[in-house]
Amino acid sequence: MRTAYTADQIRGAEHALMARLPEGALMQRAAAGLAAVCADLLGRVYGRRVVLLVGSGDNGGDALYAGERLARRGARVEAVLAGSKTHEAGLRALLDAGGRVADGHVVEAADLIIDGLVGIGASGALREPYARLAQEANAARGTVVAVDVPSGVDASSGRVEGAAVRAGVTVTMGAYKTGLLVDPGAAVAGRVELCDIGLGPYLPDPDVAALTGRDVDGLLPRPGGESDKYRRGVLGVAAGSDLFTGAAVLAVGGALRGGAGMVRYAGREAPVAQVRAQWPEAVVTLLDEPSIEHVGRVQAWVLGPGLGTDAWAHELAARVLATDVPVLVDADGLTLVSRDPGLLRRAAPVLITPHAGELSRLIGADRAAIEAARLEHARRAAAELGVTVLLKGSTTVVAEEGRPARVNVTGTPWLATGGTGDVLSGLAGALLAQGLSCYDAASCAAFLHGVAGGLAADGAPLAAADVATAIPAAMRTVAEAAR
Ligand SMILES: NC(=O)C1=CN([C@@H]2O[C@H](COP(=O)(O)OP(=O)(O)OC[C@H]3O[C@@H](n4cnc5c(N)ncnc54)[C@H](OP(=O)(O)O)[C@@H]3O)[C@@H](O)[C@H]2O)[C@@H](O)CC1
Ligand SMILES: Nc1ncnc2c1ncn2[C@@H]1O[C@H](COP(=O)(O)OP(=O)(O)O)[C@@H](O)[C@H]1O
Ligand SMILES: [K+]
């Protein structure tokens, strides 16, 4: 499990650790780790041009001391002092080692740029001249190494207001910051290298966690000698309509690859015909009326992809939500519950899987605001609605009250294509049917869906059905990672 922390949590741990160490020791550890990563990136240090972007705080201090170390190994180190003040001891150390102070024009020609403008002490959008320097670094040809977090990214949330440094590598001190795992921050952090400064024993419970392949492998249910198709878990899928038949086909496809013992599909005439034609494995019930009475017993339901939002769909949704098994609500199901929130009042667990637009209707928040602060809104929805939330998008977030939010680190922008969400619903539903909690089913499904997307795309466009097909390969990949 990868864990990450807010700026306040990091500060608390740093204070506790600092109290036991001589002054400045922590910054020396940070600078040593930073300089080592930079030296690796440069290959040969001697004679290379390194530019330090130095802000007024300790983030600038880290950069200056790392610059000192690189200068002692023969690099030509120049510091651009951006703040109203500068870490004095750090600057002296750099100058003593042969580094010098320069203006912003040196950025363009640097082999390596160290972004020490701001770290966890930043507040709000980057001010000038920081914002201009961030843009110059982004336009330069040299590798950009961010200290702790890329400047312009809010360390606690991943929010970016205005300009931000786009790093090739971020060297983060002591522990991951939440903003490095959540877009838009994660998207500009590049490769994140954790520099151990001894903070571990002082860290509180994490703000967020990210599953690794090993974690997912450990959570996935596997059939044993005693298993039969009923004991493995049966999933019901209530999806599709005469207008949207594909969503039903894709959700059932995701479910069949997700390891349920059986998938029961229930729907109207047109999607029933399509599901029958595509998936002989599914047990299909044609619904003459919106009732699930004749569908047979299931351990979980997926409700909503392509279901429509008419009175018939509403009635079917009410029947599914009146059962006592976990229900995953997606797509049109979310529109139905946003119109009739009473539907969500039930004793058994609910997992909702909205994208930002669907969540905006559910909690009355602006879509752009949700995309800018994904974690905050997913948590708010979980608390207000009393459900588990899987918020889809460039970073998928899973939130449930009383547990650390989980952020998903797999996936590819190629997944941004119609129908992949339906596959995700089927997959997560299959995991629910096999007995995983909403929290684990959602986070494992997001992880596997992202890996499957990467395998299916392999650098080129994918169709949603390819993602379903790649789910078993994704499971094998996590099993290999665990070995
Ligand atoms: N503590 C430790 O033990 C260790 C800490 N370490 C390192 O220290 C970093 C934290 O250092 P920090 O607390 O000095 O804050 P930091 O991020 O450098 O910036 C603060 C200054 O920036 C300014 N500023 C703020 N917002 C701004 C904006 N939008 N636009 C422009 N300027 C803005 C503001 O100054 P102002 O100009 O307003 O006076 C503020 O005072 C941490 O990320 C890690 O790298 C490591 O060495 C390990 C040990
Ligand atoms: N930029 C992106 N990077 C990675 N994954 C993305 C991106 N955009 C969307 N996705 C993923 O693609 C899927 C799209 O789902 P959804 O919006 O429900 O589409 P649909 O309704 O067409 O199935 C989700 O799993 C989402 O997390
Ligand atoms: K920085």
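This is a predicted model: local features need pLDDT of at least 70, side-chain atom pairs count only at pLDDT 80 or more; totals for chains, interfaces and linings use all residues.
Residues are numbered from 1 along each chain as written, with chains lettered from A and ligands numbered from 1 in written order. Local features need pLDDT of at least 70 and side-chain atom pairs count only at pLDDT 80 or more, while totals for chains, interfaces and linings use all residues.

**Ligand 1.** Select ligand 1 and its shell of 29 residues, where a residue belongs if its C-beta atom, placed from the backbone, lies within 6 Å. The closest are Gly57, Asp58, Asn59, Gly119 and Gly121. Next, select α3 (58-72), which gives the largest share of this shell, four residues. Helices here are DSSP runs of H or I with at least four residues, and strands are runs of E with at least two, numbered from the N terminus.

**Ligand 2.** Move to ligand 2, which 18 residues surround, the closest being Lys392, Ser394, Leu415, Ala416 and Gly421. Helix α15 (residues 420-433) contributes the most, four residues.

**Strand β12.** Select residues 262-267: six of the six residues in β12 are buried, meaning that 20 or more other C-beta atoms, placed from the backbone, lie within 10 Å of the residue's own. Met262, Arg264 and Ala266 point one way, and Val263, Tyr265 and Gly267 the other.

Leu235 stands opposite Val263 in β12. Finally, show β13 (residues 283-286), parallel to β12 over four bridges; here Arg264 stands opposite Val283.

Definitions and conventions: A residue is buried if 20 or more other C-beta atoms lie within 10 Å of its own, exposed if 12 or fewer, and partly exposed in between; C-beta atoms are placed from the backbone. Two strands pair if DSSP finds at least two bridges between them.
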